[in-house]
Amino acid sequence: MKKLICIITSLLVIASALSQSYKGDIKNIVLIEGHVADHVMHKPIPGTLVEQLSEDSTVIQSTKAGGGYSDGRTTIKLARYRLIMERNKRYILRFSREGYETEYLNLDLTDLRSREIDRKMPMIYLWRSMTGKLDEVVVKATKLLFYHKGDTVVYDASAFRLPEGSMLDALVEQLPGAQLNDNGEIFVNGKKVNELLLNGKSFFRGNHRIMLDNLPNYMVSTIQVYDKQNERSEFLGYDTGNKNFVMDVKLKKQYSIGWIGNLEGGGGTEGRYRGRLFATRFTDHSQVSLYANVNNVNENRKPGQGGNWSPDKISGGEIDTRLAGLNYAIDDRNQRFKLSGNAQFAHTDNDLNSHTDRMNFLQTGNTYDRIRTLNREKRLSLSTDHRLYFKRSRVDFMLSPQFYYQKHENSGSYSSATTDSEWAIHGKELLDQIFMPDAGDELREILINRNLQNRKGNGSDWKGTLKASSNIKMKYSPDALNLSASVAFKGGEEERFEQNRVDYYRGQSAGQTDFRNHYWNNRPAEGYDYKLKAGYTYKNWLWPTYTLYYQYGQQYETSGSALYRLEQLDGWGMDASHDIGSLPSEELYRNTLDAANSYDSRQWERTHEVGFELNWSKKTSRSKWWAQVRIPITFGESHLQHHQAEKDTAFTRKTTLLNMNSTFFQWKTPDEKHTLTFYYDIRSQAPKMTYFVNVTNDADPLNVMTGNPGLKDSYRYQYKLDYALRNKKKQRTTYLSLSYADMHNSVAMGYVYDHQTGIRTFKPENVNGNWDASAQLDFFSPLDKQQKIKLSSSLSGNYYHSVDLVGTDENPVDRRSIVNTFRLAENLNVKYQSQQFTVNLNVNAGWNNSQSSRKDFTDINALDLHYGLALQWKLPFDWQFNTDLTMYTRRGYAAEEMNTDDLVWNAQLTRPLFKKRILLTVEGFDILKQLNNVTRTLNAQARMETYTNVIPRYLMVRLTYRLNVTPKKKH
């Protein structure tokens with residue numbers, strides 16, 4: 001509590017200091033602002049000259065309607081002008097622009113109220129004048145990969161050479177400073193992109209992969225990255241903070257109106273296939289898109305894009321995907337309303353096989369697990385999301401309904417064996433017997449236990465949400481009232497079947513077999529959640545913007561699980577012939593209820609959140625300053641009623657949580673050459689209420705779960721410093737990031753291990769001492785004047801001090817386990833681009849070092865090194881050849897079979913046909929049959945190395961049809 005008081009006091013002092021940073025008499029001045037647009041098209045007219053005239057038409061001052069808001073955007077909804085004028089006088093505003101008729105507006109400032117520090121002008125519409133056509137001037141220049149316009153980074157798509165048929169994801173991966181994850185997350189200079197826009201409009205909000213996988217790169221003109229003001233800031237006319245870091249994809253003019261589309265189909269060896277449809281229609285104020293995708297290749301990378309076929313980035317399993325969707329957006333030309341939404345259907349079928357070697361760190365001697373998992377999962381989902389926004393002069397309103405439904409079914413097996421000696425010292429013939437039904441005598445001597453499972457299950461869940469918000473401008477002042485509300489309902493059901501056999505080979509349990517035929521009838525979380533929020537924003541355009549708000553939330557959730565032990569019935573034991581998933585009559589199986597591992601739970605939660613927000617910015621001739629502070633404090637009360645093991649538990653817990661997200665202080669030079677940003681972040685979390693229930697769950701005989709009534713709330717404190725140096729003339733960018741975070745009262749699922757049986761008894765407990773630090777240095781620069789050779793480098797170092805609780809039956813008290821891990825990584829790329837070909841040299845190295853003072857801990861030194869070439873070559877007769885060749889080297893893995901050298905080769909040949917309407921592609925994937933998927937995980941409890949199946953090598957032929965229908969010009 002003392003630390004909390006100190007933090008809040010310090011921030012209030014800072015807020016006061018920022019307020020005092022402005023000097024001058026503001027009582028006699030007022031801010032006048034407005035917008036200028038074309039009278040016919042209602043489009044903005046940036047560059048319009050706006051002059052303030054006295055009553056006798058003498059020019060007092062002038063400005064030009066700018067090209068964007070204060071966030072530096074280059075694409076705007078309206079061109080804005082701002083003028084500071086003396087109060088209690090009358091003026092004339094004159095609007096002039098080449099090619100337009102001059103307009104005038106009378107302005108009376110004698111009726112201003114005391115708190116009215118700014119006044120909005122009505123929209124000014126200019127009529128076009130008759131002008132002669134200017135001669136066309138053609139300018140040729142070297143294409144720049146990117147440039148800065150204000151705070152916006154603009155990438156020129158035509159400066160990047162990509163294989164024919166590439167989608168947007170290939171272009172994004174080539175952008176200097178950009179990184180793209182497999183799940184569609186985009187980072188630019190280490191900062192996560194919150195939203196991916198298409199021509200300034202949201203496209204499948206929250207699902208970047210749709211546009212990344214379906215929008216052809218040849219349609220893209222530029223990609224702009226900037227901090228976008230939220231809708232509330234745009235409506236109020238000043239910055240209220242909480243900006244979104246967005247990537248805005250701008251289409252070429254010929255694709256910005258009319259129908260455009262792609263239709264692709266292909267088939268290959270090993271039963272591989274791919275089909276894709278993408279069609280979209282644009283007008284100035286509407287957009288509708290349709291897409292569909294069917295494939296069983298679960299791979300988006302293309303040969304020649306850079307050679308980044310790292311095994312840890314290959315999707316595990318063989319996935320059959322089918323999805324289709326619709327996205328739309330409509331807005332009024334006067335910007336009075338916006339309507340957008342989407343709907344999607346998706347079906348996936350994943351056949352996943354994995355093999356894992358796990359070393360468990362124990363003080364009295366490590367143990368070693370070998371695990372094999374075979375799983376087949378089918379999942380169907382339906383989702384829809386819509387949003388309506390409209391505004392008037394003093395009020396805006398937003399309404400957003402959302403719905404999600406998913407259904408799944410799975411089947412498979414799980415097999416594991418545990419020993420106290422490394423697997424590498426045993427012969428292959430012995431290891432092959434591990435997962436056979438009957439273990440030989442030699443195998444019994446080395447094992448602690450063995451677990452064989454068959455599994456099957458199905459279920460569904462759904463969630464519906466309705467959100468609404470409104471901003472109300474106060475009369476005669478820039479202040480605003482913000483109101484919002486949301487309500488959500490959810491539900492679902494699930495059935496699970498499991499035949500679980502455990503063989504014990506040590507101690508008093510030696511020779512015993514524990515067989516359980518489980519049937520779960522589960523009721524996943526069902527209930528509702530609603531929130532009501534009201535806030536008030538105080539604004540003086542020379543001072544920081546302050547916001548105070550209060551939010552009330554209430555949540556109700558009920559869940560349950562009924563576990564039945566079918567092996568207790570005659571004919572349903574270990575030697576039964578019933579297929580998994582079958583059931584006896586309900587009258588019979590209800591008599592086998594396992595009350596100790598069945599539960600019924602109900603939880604109520606009420607929260608009161610009080611928040612303070614500050615947003616401050618200032619510009620001088622030498623600097624740009626920007627600060628944002630957010631301090632929400634949540635007072636919560638949770639009540640749980642839990643019935644398990646014929647025992648009723650009911651209790652209430654009160655919490656006070658502090659969170660500080662999006663709090664930072666930034667300094668920039670006016671030319672954007674230097675940018676320095678300091679972030680401070682606090683994240684707090686209360687433990688799950690069910691963790692406090694002191695009951696034992698031993699449904700899994702090898703993993704027993706218990707509760708802990710003494711748990712505390714956990715806090716994570718993070719400090720981050722970013723520095724960016726940009727040389728716009730030389731196209732050179734340097735980015736440095738330093739970060740440190742520490743955890744207080746982390747909730748660890750510590751366990752005590754029984755050496756004789758291999759049983760782990762888990763208990764959630766608070767642990768202190770976890771912290772991590774990182775540093776990252778990114779550099780991009782052309783190496784020659786013609787900018788044909790470009791270098792990009794990303795060097796990073798991460799240090800993790802991991803603390804966990806692991807004990808044994810021989811020493812259950814001293815359980816603190818500490819592992820220190822250092823990771824050093826370098827990603828180097830040198831690219832040469834000419835008219836005929838492009839060559840990429842890639843080197844990616846990662847070194848992991850882990851150490852611990854624990855007994856029997858073996859220090860880990862593992863190296864992953866990837867190096868290779870990628871080539872794009874224009875051949876005669878419009879053929880293009882794309883290929884990459886990469887060597888993947890792994891050293892230092894515990895399992896010797898994972899220390900390998902794999903040479904991976906992929907190739908692609910393309911040719912446009914019929915005036916580039918059709919594209920022919922021949923693609924070879926993993927031609928040398930060397931690709932596999934190995935991942936490595938390390939924490940204070942264990943080290944794991946996992947091999948997962950991937951799609952086999954294949955050859956595929958694809959045809960892509962391009963559609964572009966533009967409306968005929970009217971004469």
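**Entry 1**

I began with Asp722, which I count as buried because its relative accessibility is 9%, the cut-off for buried being under 20%. I keep in mind that this is a predicted model. I then looked up the partner of Asp722 and found a salt bridge with Lys720, where the closest N and O atoms are 3.9 Å apart. Lys720 has 21% relative accessibility, so I noted Lys720 as partly exposed.

**Entry 1: salt bridges in the whole structure**

I asked how many salt bridges a search of the whole structure finds. The search gives 48. I also looked for salt bridges that share partners, and I found one network that joins Glu33, Arg80, Arg82, Asp118 and Lys120.

**Entry 2: Asp713 and Arg653**

I looked up Asp713 next and found a salt bridge to Arg653, with 3.0 Å between the closest N and O atoms. Where in the chain do Asp713 and Arg653 lie? I placed Asp713 in the loop between strand 35 (703–706) and strand 36 (714–727), and Arg653 in strand 31 (residues 647–658), so the pair ties together parts that are 60 residues apart in sequence. Asp713 has 15% relative accessibility and counts as buried. Arg653 has 17% and also counts as buried.

I turned to an open sheet of six strands, and I wrote down the order as 9-10-16-17-14-15, with mixed pairing. Which strands are at the edges? They are strand 9 (146–149) and strand 15 (201–202), and each pairs on one side only. For background, I noted that strands of a sheet pair through backbone hydrogen bonds, either parallel or antiparallel.

Inside this order I looked at strand 16 (residues 220–228) and strand 17 (residues 244–251), which pair in the antiparallel sense over eight bridges. I picked out Ile223 and found its bridge partner in strand 17 to be Val249.

**Entry 3: Lys228 and Glu234**

Lys228 falls within the residue range of strand 16 (220–228), and I followed its side chain. The side chain of Lys228 meets that of Glu234 in a salt bridge, at 3.7 Å from N to O. Are these two residues buried or exposed? I found both Lys228 and Glu234 to be buried.

**Entry 4: Asp594**

Last, I looked up Asp594, which I found in the loop between helix 7 (586–589) and strand 29 (599–619). With 11% relative accessibility, Asp594 counts as buried. I listed its contacts, leaving out residues up to four places away in sequence, and Asp594 touches Leu563 and Arg565.

How values were computed. Residues are numbered from 1 along each chain as its sequence is written. This is a predicted model: local features need pLDDT of at least 70, side-chain atom pairs count only at pLDDT 80 or more; totals for chains, interfaces and linings use all residues. Side-chain values use heavy atoms; hydrogens and water are left out. Two strands pair if DSSP finds at least two bridges between them. Helices (H or I, at least four residues) and strands (E, at least two) are DSSP runs, numbered from the N terminus. A salt bridge is a side-chain nitrogen of Lys or Arg within 4 Å of a carboxyl oxygen of Asp or Glu. Buried means under 20% relative accessible area, exposed over 50%, partly exposed in between (1.4 Å probe, protein chains only). Contact means heavy atoms within 4.5 Å.
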